[in-house]
Amino acid sequence: MLTSVAAAAVAAGTLTLAAPGSAGAVAWIDSGAINGGVFGTATSLDVASTGPGDAIAAWTVPAGDIDRVYVSRAVNGDWGNPAVLSPAGQDASQVRVAANPKGDAVVTWEHPGGGPDLIVVDGRRLSAGTWGPMTNLVPTPSDNTLFHDVAVDDSGHAVVTYRIAHGLDSTAFVSDWPKVGSVTSSPIDSGTDDEFAPALAANADGDVLVSFARSGDIYATRRLGGSTSWSPAVKVVTNSPLADSSVALRPDGSGVVVGTQNGTPDVVRAVEIGANGAAGQSTVLSDTDLSANNGSVTANADGDVLVAWETMGNEGRGIDYAVRPAGGAFSAPAVLQDPVAANPQHPETVLTDQDLRTVISSTPSALRVWHRASGFQAPWQNHDAGPSLPIGQYAVDADAEGNVVVVGTGNNLVHAEFLDASGPVTKVVKPTRAISTTDQLKVGWSVHDSLSQIAPTVDVYATTAPWNAAGHGARRSSSTTRPVTRSRTRPRRARRTASRSAPRTRSATSPPPSRGATRSRSTTASWAARAGPRRWARATSSTP
């Protein structure tokens with residue numbers, strides 16, 4: 001999203017340019033169908049952000065008697081044509097995508113292999129824009145669904161969790177897939193069995209938190225980045241025959257496990273996991289007047305936590321949620337959707353570092369997305385992505401700037417939309433170092449927005465102050481201001497589908513702005529090296 005304000009500040013002999021914030025409400029960018037000419041009912045689907053405005057979506061779709069894996073990549077919000085990843089003749093299922101903000105990404109899927117009625121997991125890694133060869137991630141095949149999950153840390157190291165089933169025995173395993181080197185695999189909790197449905201979370205440092213079901217209870221264990229040793233598995237939710245759990249991991253290595261506890265009614269419980277792997281505070285989140293399950297938890301870099309879950313009442317199914325600020329306690333449950341829906345909800349959650357809360361679920365005819373800019377205490381907004389689509393599979397992720405990507409399937413299509421929720425990123429490019437001066441200083445900066453068009457001009461707020469003054473006050477206008485001159489005019493917000501005329505200050509041969517482009521600016525800032533009142537200046541020009 002665009003803002004018309006960039007701030008230049010002079011203090012203690014240096015000049016800095018502050019990055020602007022969002023100037024308006026979040027907005028949706030409808031990408032439409034991204035499956036190209038590949039049609040069919042997707043049987044599994046996932047999406048992961050690879051950077052601001054960039055993402056990878058993967059899905060499995062029937063191709064004759066088998067399902068194959070297809071993938072599409074978005075760059076600055078624009079999706080490319082899908083490509084097939086799985087080989088011909090291989091029946092693929094349970095596709096997963098994981099990535100880090102640096103663009104390291106992997107796609108994994110399950111398929112028959114290793115012998116009759118056995119299943120393995122294969123994957124391909126994206127490197128320098130090219131998909132690498134298929135890699136076997138499960139040395140020991142399973143005779144039943146692996147329930148695998150995958151995560152990628154900031155170094156590009158991928159972690160895959162799954163269960164290996166042989167008859168009545170079922171053991172949770174982990175495979176480490178380094179960016180360079182061979183895959184290694186080992187049991188998560190050696191010497192045990194009857195384990196299944198592992199859930200996985202990893203942070204940027206490579207710390208890993210895993211929950212899994214064992215003998216009707218939910219357990220959790222964690223591992224520090226770079227280590228191969230797991231903390232002792234601790235029981236966190238008892239009497240959980242549904243075995244549905246979700247995990248989130250904070251930057252400091254602590255985390256949260258959410259699971260369903262059987263009772264009258266069933267409740268959703270959240271359990272803190274300390275940085276040492278020990279279980280901490282346990283909280284029933286759901287309203288004890290309604291049966292609840294299918295909890296989903298997420299955490300951001302500040303350590304805030306968002307949990308959403310499905311409720312079941314006499315008239316149907318709904319969605320409730322609770323939040324826990326870093327260092328605080330969980331809020332009381334609140335209602336996103338009253339329990340009136342006929343179809344299961346299975347909510348998915350995203351909480352960005354910018355405090356944008358997002359919950360997705362499905363209605364009989366659309367992919368329903370709730371979002372709230374909690375930093376401003378704004379009300380929850382809802383949006384139907386892919387209207388008139390009988391939604392089947394769906395997934396959501398967010399990038400480092402706070403934009404959200406959503407994908408869903410229906411009517412033989414794969415539909416994608418971006419929630420453009422972040423302001424442009426501003427970077428000082430001139431001067432390249434702190435300098436001292438008593439007169440004038442050339443200032444240059446660039447502005448980049450991954451999803452919105454950047455207009456060819458921008459207003460600038462600059463400040464002057466007595467030399468070595470303690471700081472600058474609030475922005476204000478004054479008749480004593482000294483103008484900061486610019487050769488461009490005020491920006492105009494331009495959605496991808498909107499039409500707009502060229503600004504009067506742009507020549508006929510100037511190329512139009514493009515989404516994801518970076519624009520550079522420069523100006524001269526002046527200030528007096530003497531005591532006196534602070535003065536503020538704003539560029540003025542006509543707007544086309």
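User: I'd like to learn to read ring contacts here. How many aromatic pairs does the structure hold?

Analyst: The structure holds four aromatic pairs; rings of Phe, Tyr and Trp (its six-membered ring) pair if their centres lie within 6.5 Å, with planes under 30 degrees apart counted as stacked, over 60 as edge-to-face and the rest as tilted. This is a predicted model, where local features need pLDDT of at least 70, side-chain atom pairs count only at pLDDT 80 or more, and totals for chains, interfaces and linings use all residues. Residues are numbered from 1 along each chain as its sequence is written, and side-chain values use heavy atoms, leaving out hydrogens and water.

User: How is the pair of Tyr162 and Phe173 arranged?

Analyst: A pair of aromatic rings is described by the distance of the centres and the angle of the planes. Tyr162 and Phe173 are stacked, 6.0 Å centre to centre with 15° between the planes. Tyr162 lies in strand E15 (residues 158-166) and Phe173 in strand E16 (residues 169-177); strands are DSSP runs of E, at least two residues, numbered from the N terminus.

User: Are Tyr162 and Phe173 buried or exposed?

Analyst: Both Tyr162 and Phe173 are buried (under 20% relative accessible area, 1.4 Å probe, protein chains only). Phe212 and Tyr219 also form a stacked pair, at 6.1 Å centre to centre and 10° between the planes, and Phe212 and Tyr219 are buried too.

User: Which charged end sits over the ring of Tyr219?

Analyst: A charge sits over a ring if NZ of Lys or CZ of Arg is within 6 Å of the ring centre and within 35 degrees of the ring normal. For Tyr219, that is Arg214, 4.5 Å from the ring centre. Likewise, Arg125 has its charged end over the ring of Trp177, 4.8 Å from the centre.

Notes:
Helices (H or I, at least four residues) and strands (E, at least two) are DSSP runs, numbered from the N terminus. Buried means under 20% relative accessible area, exposed over 50%, partly exposed in between (1.4 Å probe, protein chains only).
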